[in-house]
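Welcome! Please take a moment to look over the sequence and the model below before reading on.

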Amino acid sequence: MINLKTNIQNIKKALNQNKLVIFVGAGVSKNSHVPTWGHLVRKYAKKLNYTQCLSCHFKTSHCENTCHHKYYFSTDEYIKIPQYFYSYDKSENHHDYYAILKEAFQHDFKPNILNDLITSLRPEHIITTNYDHLLDHYQYEVITSDQDLLKSKSNHYLIKMHGDIDDIEHIVFKEDDYLNFSQTHALIELYIKSLLIDHIFLFVGYSLNDYNLKMFLNWIDYLGHENNVKESMHANYLMTTDITSNQDYLISYYLQKNIHVINLNELNEEIVQESLSIPLDDEIGRRTYICLKYLK
């Protein structure tokens with residue numbers, strides 16, 4: 001099994017060769033108290049009274065206020081529930097659907113030190129599925145649409161592939177948005193796939209059951225098999241705390257998909273103690289920060 005030090009050295013090599021793309025998920029924005037995908041989906045679920053209660057095996061007389069399973073949704077449900085609400089919403093131009101998203105992002109969220117560190121590394125490009133503005137104010141040209149890509153003048157992009165909260169009617173959130181992505185964002189998808197051929201991707205802020213991560217694994221798989229180059233394709237990297245000590249089979253699974261897992265749970269005690277002094281509320285964020293810092 002490739003160890004942490006070797007993975008960091010390989011990522012650093014890609015960084016020095018201007019071949020690193022950092023892919024930023026909601027786990028990074030969470031450190032600025034931006035609502036997570038799960039938080040947003042639960043807002044729609046509550047409006048629809050959509051819960052797991054009907055099929056629940058843990059019912060008690062007091063479960064209504066204390067249950068942790070009520071809004072435990074599958075990956076598929078994360079995109080279906082917003083679609084259910086959108087289809088059910090009879091307000092003009094689906095005003096109620098968009099109002100929930102607007103309300104969730106109306107606060108003045110400030111960049112955190114993870115945002116600062118990621119941009120200070122100066123990867124070739126940064127790609128994110130987040131809608132917020134936490135990465136907008138650095139020296140990267142912001143790309144949110146195919147038109148932006150056509151008009152671009154920079155060599156370093158912040159690609160907000162799922163859109164921006166300021167253009168709320170064009171963000172990718174509900175099921176139809178995902179299913180139509182290849183048509184509505186054809187150039188962005190093509191460009192990102194082209195980067196997968198000769199750039200190293202580092203995924204941060206994603207859980208293993210994230211729908212977006214699964215989509216990218218499928219892209220990598222497809223590119224390798226379709227062109228018969230899977231065995232010679234370079235590795236990509238994923239930082240996560242979702243793998244425990246007895247789940248080596250998961251590491252093998254991702255290796256088969258050209259993803260080397262950096263298991264943040266395996267940081268030694270000295271590094272963990274060092275991370276406690278980092279001014280982030282989220283432990284996963286602190287461990288991610290420590291690992292990214294070694295790239296400098």
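Predicted model: local features only at pLDDT ≥ 70, side-chain atom pairs only at ≥ 80, totals over all residues.

Residues are numbered from 1 along each chain as its sequence is written, and side-chain values use heavy atoms, leaving out hydrogens and water.

**Helix H1**

Helices are DSSP runs (H or I, at least four residues) and strands are too (E, at least two), numbered from the N terminus. At the start of H1, a side-chain oxygen of Asn 3 comes to within 3.3 Å of the backbone nitrogen of Lys 5. Just after H1, Asn 18 has a positive phi of about 60°.

Buried means under 20% relative accessible area and exposed over 50%, with partly exposed in between (1.4 Å probe, protein chains only).

| Side of H1 | Residues |
|---|---|
| Buried | Asn 7, Ile 8, Ile 11, Ala 14, Leu 15 |
| Exposed, turned away from the buried side | Lys 5, Lys 13, Asn 16 |

Among the elements covering the buried residues of H1 are strand S1 (20-24) and helix H15 (283-293).

**The cores**

A nonpolar core is a set of buried Ala, Val, Leu, Ile, Met, Phe, Trp, Tyr and Cys residues joined through side-chain atoms within 4.5 Å. The largest one has 58 residues, and Phe 201 is among the members that touch the most others. Helix H12 (residues 211-226) gives the most to this core, with seven residues. A second, separate core has 34 residues, including Ile 11 and Leu 121.

Methods. Contact = heavy atoms within 4.5 Å. Polar contact = N/O pair within 3.5 Å; in protein donor to acceptor, adjacent residues only side chain to side chain.
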